[in-house]
Amino acid sequence: MQSRAIFATAVCLFVTACAGPQGADAPGLEGTRWQLKSVSGRTLTIPEKPPIELSFMDSRVNFHGCNAQSGRYTQEGTSLRVAKGFVGTRMSCEGALMAIDDAAAALFEKGVTFKLQADGLTVQGNGETWRFERRDKDKAAPPPDLEYAG
């Protein structure tokens, strides 16, 4: 009887651990792609081309402005952080693109909160708000009237 109780407890702990760090009511960003549309709280010039892209794949956040930057992220509820920083290419680009790369790396390394809507993602941290538009609209998205907030 005691071994059954221990086994049941172990199974419950395993299932809880497999649920991941997001929590039951936090939206997942894994497998999504976004294009930067605006930044407030900081002066940055966002070019139309190339599109500035943010994506979440294989537990990594990828940011493509001038350079391709990537870092392993952790998510707790609606908070994200790339604690160990980004790694990536080191190309030299126009100053505005380089500024966006640097600002994005600093923002995600300090940590952000996010709000996910059907076709939009808002990322906030350090007095800044970055707004993104969904790039993968063909993939399943929450219904337009459903909004996640943290």
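Student: How many aromatic pairs does the count come to by this rule?
Tutor: The count comes to three aromatic pairs. The rule is that rings of Phe, Tyr and Trp (its six-membered ring) pair if their centres lie within 6.5 Å; planes under 30 degrees apart count as stacked, over 60 as edge-to-face and the rest as tilted. Before going on, note that this is a predicted model, where local features need pLDDT of at least 70 and side-chain atom pairs count only at pLDDT 80 or more, while totals for chains, interfaces and linings use all residues. Residues are numbered from 1 along each chain as its sequence is written, and side-chain values use heavy atoms, with hydrogens and water left out.

Student: What makes F56 and Y73 an aromatic pair that is edge-to-face?
Tutor: Their centres are 5.3 Å apart, with 85° between the planes; the limits are within 6.5 Å for pairing and over 60 degrees for edge-to-face. F56 is in strand β2 and Y73 in the loop between β4 and β5, 17 residues apart. Helices (H or I, at least four residues) and strands (E, at least two) are DSSP runs, numbered from the N terminus.

Student: Why does F56 count as buried?
Tutor: Buried means under 20% relative accessible area, exposed over 50%, partly exposed in between (1.4 Å probe, protein chains only). F56 has 1% relative accessibility, so F56 counts as buried. Y73, with 10%, is buried too.

Student: Are C66 and C93 buried or partly exposed?
Tutor: C66 is buried, because its relative accessible area is 7%. C93, at 26%, counts as partly exposed.

Student: Which residues does L97 touch?
Tutor: Contact means heavy atoms within 4.5 Å. Leaving out residues up to four places away in sequence, L97 touches P47, P50, I52, G65 and C66. L97 lies in helix α2 and counts as buried, at 9% relative accessibility.

Student: What is the order of the strands in the open sheet?
Tutor: The ten strands have the order β5-β6-β8-β9-β10-β1-β2-β3-β4-β7, with antiparallel pairing. Two strands pair if DSSP finds at least two bridges between them.

Student: Why is one side of β5 and of β7 left without a neighbour in the sheet?
Tutor: β5 (74–76) and β7 (87–88) stand at the edges, each with a single partner strand, so one side of each has no neighbour in the sheet.

Student: How do you know that β1 and β10 pair, and how many bridges join them?
Tutor: Six bridges join β1 to β10, which run antiparallel; the definition asks for at least two, so the two strands pair. In β10, R131 is the bridge partner of S38.
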